[in-house]
Amino acid sequence: MPGQYIHTSEAAAAGRSRTAHGDGAGDRHRTVRALGTTEGAALLAVSNARFTGLARLGLLVPVAFRPDPHRAAVWLYSAAELTLFASGDEHAPLLTGRMPESLRGQLDTGIDLRPRNWRTRHLGHLLRRADGPWALAGAVASLLAPLHRAQTVTDPRDRCRLTEHLVPPPHGTPGSPASRVAQYLMTARDPDEIAWLRSELARLTQEAREREAREPEARERWPAAPSTPPPAPPRTGPPGETRQRGHGPRGAPGRLDRPPAPRRPVTYSARNNPSCTTDTSIRPSRS
């Protein structure tokens with residue numbers, strides 16, 4: 001059962017697996033042998049459907065995933081963790097015979113804890129790698145949708161710091177199909193999970209702000225973000241261009257007025273000049 005070796009720190013730490021190249025201490029903490037559903041089911045001596053059901057119930061936690069050409073996730077599991085699961089006597093009823101009624105009822109509701117369990121593991125990895133208080137807050141913020149981040153962190157200056165420390169999805173270039181799949185799986189969707197992440201984000205942001213206040217040199221590295229955007233400059237068209245009429249008062253910024261039409265020469269006639277004492281000119285017409 002060859003599997004594949006992935007360089008995932010949290011997977012290696014959890015699985016305590018060996019590397020493909022030997023027993024070096026450094027490699028043991030960086031590399032893990034990961035198996036797909038078919039290989040994992042063979043290791044546990046169960047069907048693919050039983051293996052998938054156990055994973056959906058959260059009993060088997062994926063260590064990583066890779067997007068397939070159909071924009072779906074192929075989940076990967078630690079071979080060491082699967083071996084440990086199979087060796088536990090308490091798990092024997094789950095691997096043989098009929099699955100308990102309570103678990104089958106949960107599967108019938110469509111439960112799938114694989115994305116959430118992977119996010120939990122991935123967040124632990126990001127937190128261990130974080131360097132500084134804002135990096136910790138940014139790791140948590142990376143698992144929230146932009147709207148939830150904005151609702152939790154309302155100060156523009158704090159949001160600037162979080163933006164600098166957001167972690168990109170683990171697969172694909174930005175905008176690619178693989179990246180969109182990874183971003184979807186990386187974003188929390190369960191209400192209780194979102195509530196917990198928002199609470200942690202608010203706490204970590206407050207701690208980062210307090211530490212910054214105690215360390216002025218850290219604050220100087222970040223320019224203050226404006227609380228409100230600056231006003232837009234007046235719009236001006238190219239020289240000689242006829243500008244269209246706006247909706248604001250004449251001379252207001254953003255208003256584009258039509259230039260006045262040329263006046264016709266004033267002429268007089270008996271028809272429009274009824275008396276020599278009253279001088280009434282023809283009203284100029286617009287061209």
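The model is predicted, so local features are given only where pLDDT is at least 70 and side-chain atom pairs only at pLDDT 80 or more, while totals for chains, interfaces and linings use all residues. Residues are numbered from 1 along each chain as its sequence is written, and side-chain values use heavy atoms, with hydrogens and water left out.

**The strands**

Begin by selecting residues 64-67, which form strand β3, together with residues 73-78, which form strand β4; these two pair in the antiparallel sense over four bridges. Helices (H or I, at least four residues) and strands (E, at least two) are DSSP runs, numbered from the N terminus, and two strands pair if DSSP finds at least two bridges between them. Within this pair, select F65 and look across to β4, where W75 stands opposite. Then move to the hairpin of β3 and β4, which has five residues between the strands, and pick out R71, a residue with a positive phi near 60 degrees.

**Helices α8 and α13**

Two packed helices are described by the angle between their axes and the distance between the axes. Select helix α8 (residues 114-129) and helix α13 (residues 191-214), whose axes come within 12 Å and cross at roughly 15 degrees. Axes are lines fitted to C-alpha atoms, for helices over the stretch in contact, and angles run from 0 to 180 degrees between N-to-C directions. The helices α8 and α13 are therefore roughly parallel to each other, a term for angles under 35 degrees, whereas angles over 145 count as roughly antiparallel. Show R116, R119 and L123 of α8 with D192, E193, W196 and L197 of α13, since these residues make the contact, where contact means heavy atoms within 4.5 Å.

**Helices α9 and α13**

On the α9 side, the residues in contact include P133, W134 and L136, and on the α13 side they include L197, E200 and L201.

Now select E81 and R121, which form a salt bridge with their closest N and O atoms 2.6 Å apart; the term means a side-chain nitrogen of Lys or Arg within 4 Å of a carboxyl oxygen of Asp or Glu. This pair links distant parts of the chain, with E81 in helix α5 (residues 79-87) and R121 in helix α8, 40 residues apart. By this rule the count comes to ten salt bridges.

Finish at R149, which lies in helix α10 (residues 146-152). Leaving aside neighbours within four places in sequence, R149 is in contact with A141, L144, L166 and L201. Select A202 as well: R149 and A202 are 53 residues apart in sequence, and their C-alpha atoms are 9.4 Å apart in space.

Definitions and conventions
Angles under 35 degrees count as roughly parallel, over 145 as roughly antiparallel, 65 to 115 as roughly perpendicular and the rest as oblique.
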